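Please look over the model below before reading on. My notes follow as numbered points.

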Amino acid sequence: PPSEFKFIKQDGSFDTQENSFKNWGLAVGNLAKFSQKKGAKVIIQSPTPEWEKQHRNPRCSTLDKQWFNSLAKINCQIESKFFIDKETGLYNHLFEKLNQLSGSYENLYLFDTYKIVCPKSICSFTVDGIDIYQDHQHIMHRWARDFIAPKISKFIFNIQTMDK
């Protein structure tokens, strides 16, 4: 995250991003251990792309598309490697930790939302005339309902039937 973000500890003092992320990983591990004892499963979700300032262009969205501005709209896209490249990707450390966590606990599952939002080598703000994003970081309710919800339902069903 940009340097203006602060990571606050429970006592109200500030922490580094690295320590905060490490503590989050430990907390997820503790949750998995506790849940395992109770016979429960834990699902964690991968992040979806957050658009940088240069991509937060109102011309990307179809929400206010009118006859007089329809030609001004553009198809905003970012190469997927910007986020997930193993060396330089913005989210490479997140995916590395998520994969490590899901591989370390038999009751911890990773639902990869990123692959749904960016199924190819390009991440788009809009697909087939439908906005994926409400703003630079939040998925549209309609898009989540129509595209993510069916896949997460199937994912949960598959986890439930694995033990049977």
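1. The buried residues of H1 pack against strand E3 (42-45), H3 and strand E5 (108-111). Contact means heavy atoms within 4.5 Å. Helices (H or I, at least four residues) and strands (E, at least two) are DSSP runs, numbered from the N terminus.

2. This is a predicted model: local features need pLDDT of at least 70, side-chain atom pairs count only at pLDDT 80 or more, and totals for chains, interfaces and linings use all residues. Residues are numbered from 1 along each chain as its sequence is written, and side-chain values use heavy atoms, with hydrogens and water left out.

3. Gly25, Val28, Gly29, Ala32 and Ser35 are buried in H1. They cover an arc of only 130° around the axis, which puts them on the same side of H1. The arc is that of the directions from the helix axis to the C-beta atoms. On the other side of H1, Phe34 and Lys37 are exposed. Buried means under 20% relative accessible area, exposed over 50%, partly exposed in between (1.4 Å probe, protein chains only).

4. The whole structure holds eight aromatic pairs. Rings of Phe, Tyr and Trp (its six-membered ring) pair if their centres lie within 6.5 Å; planes under 30 degrees apart count as stacked, over 60 as edge-to-face and the rest as tilted. For phenylalanine 95 and tyrosine 114, the centres are 5.4 Å apart and the planes at 80°, so the pair is edge-to-face. Both residues are buried.
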